[in-house]
Amino acid sequence: MAVEIPPLIKPSRLRRRGGLLGECLAEFLGTFVLISFGCGVVAMAVAALPGSGRTAGPTTFFLGAGDWMLITWGWAMAVVFGVYVAGGVSGAHINPAVTLAFAVRRKFPWAKVVPYWVSQLVGAFAGAALVYGVYHDAIRTFDAAMRAPKTGGHTLATFSIFATFPAPYFHGGIWGPLFDQIVGTAFLVMLVVALIDLRNTAVQANLGPLLIGFAVAAIGMSYGANAGYAINPARDFGPRLFTWVAGWKSLAFPGSLSGAFSAYWWIPIVGPLVGGVVGVLVYDLFIGDVLVVRAAQGELPEPGRTRPVVEEE
């Protein structure tokens, strides 16, 4: 089917896209899809549904724990389709933490790390801009109806559509949210490398994105409330940069709210980058190295056995 589809641009002008440029374009579009659907589902839950009269009031959202499922499954589907869009060209990292982890332990070229990061960041910024453009009226109406403290006319609730912040029970501390981001991203990368490891019980290639989306949903359900489970520096920094431009001011940079948290912007960047490397190292230490040894033995035991079965004559 793909061979029968003529290119939009003359093949002679497409040659540059066959290499790193094409991969960067794929990372841009994959991350754009990720943020468009991920931030889009939060905009639905926080501003659009209340403003459209589908909740108890114009500022009523998250009445129960079950409402969190809309967010977790929305982000899961965002990841699924972001990976499906970009996977065939760039591998669909769509996450700087994944790119760094693959450079550390999966022989991903270090020369491509920064170009991938830039593409992911720009894609995330563009995705946030699209969500704002689509939901601008809902966001403006919600902020006007809220009586909560406002920064530049905007509330923390509408800021949460785009970027993350820590829960009040951390009392503004950094170590709890930072540890949360390290743990969440470590699980994410560990599960990603497990799912794509052909030496392990890897899923078929066309099901990989779906299972990765399930992994994101599991992390959101298990660790989401602490700090919004950014688990992706581009996912937080790109939309955060957009909100700073769009008027959320200090909520975005330096990421501060009086009496709640301050200078938070760097935690969803550093935590995931550290966590991604931890995740791939943990997988390789406990699983990957074992698979290497078993492959060297030639005859692999069945899963759960310590040695091959020897039949008696």
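In this predicted model, the backbone nitrogen of alanine 92 sits 3.5 Å from a polar atom of the glutamate 27 side chain. Glutamate 27 belongs to helix α2, which covers residues 20-51. The residue is a curious one to look at, for glutamate 27 is buried yet takes part in no salt bridge. Its nearest side chain of opposite charge is that of lysine 112, at 10 Å, whereas a salt bridge would call for a nitrogen-to-oxygen distance within 4 Å. When neighbours within four places in sequence are left aside, the contacts of glutamate 27 are Ser90, Ala92, His93, Ile94, Tyr116, Ser119 and Gln120.

Turning to charged pairs, the structure contains 6 salt bridges. One of them joins the side chains of arginine 106 and aspartate 284, with an N to O distance of 2.8 Å. Arginine 106 is in the loop between α4 (96-105) and α5 (113-145), while aspartate 284 is in helix α10, so this pair ties together parts of the chain that lie 178 residues apart in sequence. The two partners can be told apart by their accessibility: arginine 106 is partly exposed, at 29% relative accessible area, and aspartate 284 is buried, at 5%.

A further salt bridge, between arginine 240 and aspartate 236, brings the closest N and O atoms to 2.8 Å. Both residues are in helix α9 (residues 233-246), and because they are 4 residues apart there, about one helical turn separates them. Arginine 240 is buried, with a relative accessible area of 1%, and aspartate 236 is likewise classed as buried, at 0%.

Val270, Val274, Val278, Val282, Leu285, Phe286 and Ile287 make up a nonpolar surface patch of about 560 Å². Among these residues, valine 274 is placed in helix α10, which spans residues 267-297. Valine 274 is partly exposed, at 37% relative accessibility; that value passes the cut-off of over 30% relative accessible area used for patch residues.

Finally, a few backbone details in the loops deserve mention. The peptide bond leading from phenylalanine 253 to proline 254 is cis, with omega near 10°, and proline 254 is found in the loop between α9 and α10. Lysine 249 is also placed in the loop between α9 and α10; although not a glycine, lysine 249 has a positive phi of about 50°. Lysine 107, again not a glycine, shows a positive phi of about 60°. This lysine 107 is part of the loop between α4 and α5 and is exposed, its relative accessible area being 80%.

Technical notes
Residues numbered from 1 in each chain as written. Predicted model: local features only at pLDDT ≥ 70, side-chain atom pairs only at ≥ 80, totals over all residues. Heavy atoms only, no water. Helix = DSSP H or I, 4+ residues; strand = E, 2+ residues; numbered from the N terminus. Buried < 20%, exposed > 50% of the residue type's maximum accessible area, 1.4 Å probe, protein only. Lys, Arg positive; Asp, Glu negative; His and termini not counted. Polar contact = N/O pair within 3.5 Å; in protein donor to acceptor, adjacent residues only side chain to side chain. Contact = heavy atoms within 4.5 Å. Patch = residues over 30% accessible without salt bridge, like charges linked within 9 Å, V, L, I, M, F, W, Y side chains within 5 Å. Areas by Shrake-Rupley, 256 points an atom, 1.4 Å probe, with all protein chains shown as cover.
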